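Thanks for coming. I will go through one model this morning, beginning with a side-chain contact and ending with a sheet.

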Amino acid sequence: MTSSVVGCRIAVAVCGGIAAYKVASLVSQLVRLDAQVDVLMTEEAKRFVSALTFGALTHRAVHEDPWQLDNQGEIAHIALARSIDLLVVAPATAHTLARLAHGLADDVVTLIALATPAPVLLAPAMDAGMYGHPAVTENVTTLQQRGYHVVGPRSGRLASGLTGLGRLAEPDEIVAAVEALLHWRRDLAGVRIAVTAGGTQEPIDPVRFIGNRSSGKMGYAIAQAAVERGANVTLVSAPTSLPAPPRVTQVAIQTALELREALHGLLDQVDVIIQAAAVADYRVADPETTKIKRSGEALVLELVENPDIIAGIGALPQHPLLVGFAAETGAHLDEARAKLRRKGLDLIVFNDVSKQGSGFGSDMNEVTLVPARGEPEVLPLLPKLDVAHRLLDRVRDMLQASARSVL
Ligand code: C5P
C-alpha cells in the first residue's frame, strides 16, 4: 500500500533537546517516503544539530530566522504555514510546550504553530522526570484540548543516565503517527457539517437552570476532526468551558428550543448533521422573570416536554445525513437500534455512560457505531478525537455510497 505521506508537505520543527539528533533520522525517513519536508529550528536546537544536517537531508533551506523572506517576497514561515499538510514538533521540549500552550510567538517554531491551519503533532522528549511535572502535564493537556496530537514520550534510559518517561518516540512510531494523521487528509473537503455539542440549559429563573453532565468534549472533538479533514464545520454549542476549535463557525445556543431553531436555519446549508448535544427532554413550563426567593414552602416546578429535535428533522421528506448519539446507562445495542429507527437516523453512536473512564466529562470514550444499514462497529476505549475520526470515516463512506453527491 502506498504511504499516505507520499506527496505531502510536512514541516518538522526541531527544538533544543538531545533527542534532536534522532529527528535527522525521522526527517530522512519522511523524505524517503516522498514527502516534501521543510525543517524549522529554534536557536537552542542548533546547539545540538546543525542546520546543514537537515538542509542536506531535505535539499531545502532550513527555516531559522522569523524575518526571512521567501523567493516570492513573502515572510517565509507564514507562507510555509499556509501550505503544509502537517506540522511535527520534535523533540517538543518542556520550554516549547510551555510557549505553545501560552501562545507565545518568539521564534519560527512558535510562529508557524500559531499560523498554520494544518494539524500539529507533538513528539515530546525531556530528561530528569520533567515530563511528570504538573506544569508540563498541564501544558500538554491544554494543547491536546486545543486539538494538538501527541506521540510518546516513551520510558527508558535518558541521556542523563536516569531512567524514566521522557524518551522521544522512535522515528518509526512518529512516522506511523504522521501516516495516520495524513491518511484522512482532506477526504471531507467541501462537505458541510453541522455538529451540536454540550448540554442544553433550561432556565428556571434568570439565575438558575436545569442542566446535565455533558462536557461538550465529544462534539468539539468531532468538529475539530472534521475541520482537519477539510469539511466546512458549523459548531452549534450549548455553554461549555471548551475553547472553540480553530476554523469552525460557532453558533452559541442555550436551550433546546434555541438549538432546534439554529439547526432548522442550517438545514438546507449542510450535508450532514451530527447531533452530539445532550438535549434536555423537559423545560420549565413558565420560567420566572425574577429570581425565585426562599418561601419556607416546597417549590414545585412544572416541566413540559421539549421537541425531539433530531427526530423532527429525521421525519422531514428530505434532510441531511443524520447522526445521533445514544448515551445510555447499561442499555443494549437493540435499544440503540430502536432509537435509530424511531428518529430516522443514518447512524447512531451508542455509549454506555455508566462505564468508568468513558463518556461524560472524560477525554476518552468507548462507543459502538450503529449504522441504519450494515454491521455495527465496536470501537475500543479511545481518545475522543480518535472516536471522532472513526465516526467520520463512516460518515465519509455513507456520503460516498449515497445519492448525496458531495464527495
Ligand atoms: O435523549 P436520547 O437518548 O433520545 O437522544 C438520542 C439523540 O437524540 C441524541 O443525538 C440527542 O442529541 C437527540 N435528541 C434531540 N432532541 C431531544 C432529545 C434528544 O435531538 N429532545
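The side chains of Q275 and T196 make a polar contact of 2.7 Å. By polar contact I mean a pair of N or O atoms within 3.5 Å; within protein, one must be able to donate a hydrogen and the other to accept it, and residues adjacent in sequence count only if both atoms are side-chain atoms. This is a predicted model, so local features need pLDDT of at least 70 and side-chain atom pairs count only at pLDDT 80 or more, while totals for chains, interfaces and linings use all residues. Residues are numbered from 1 along each chain as its sequence is written, and side-chain values use heavy atoms, with hydrogens and water left out.

Back to Q275. Is Q275 buried or exposed? Q275 is buried, at a relative accessible area of 6%; the cut-offs are under 20% for buried, over 50% for exposed and partly exposed in between, with a 1.4 Å probe and protein chains only. Leaving out residues up to four places away in sequence, Q275 touches T196, L259, L263, I309, I310, V323, G324 and F325, where contact means heavy atoms within 4.5 Å.

Next, the strands here. Q275 lies in strand β13, residues 272-275; strands are DSSP runs of E, at least two residues, and helices are runs of H or I, at least four, numbered from the N terminus. β13 pairs with β16 in the parallel sense over four bridges, pairing being at least two bridges found by DSSP. I274 stands opposite V323 in β16. Strand β16, residues 321-328, has six of its eight residues buried. β16 also pairs with β17, residues 347-352, in the parallel sense over six bridges, and there G324 has I348 as its bridge partner.

Now the ligand. Among the residues around the ligand are Q275, G324, F325, K339 and K343, counted if a heavy atom lies within 4 Å. Ligand nitrogen atoms are found 2.9 Å from a polar backbone atom of P307 and 3.0 Å from one of I309. An oxygen atom of the ligand is 2.7 Å from an N or O atom in the side chain of K343.

Last, the other sheet. Five strands form an open sheet in the order β2-β1-β3-β4-β5, with parallel pairing. β2 (36-41) and β5 (149-150) are at the edges, each with a single partner strand, so one side of each has no neighbour in the sheet. Two bridges join β4, residues 120-124, to β5, and L121 stands opposite H149.
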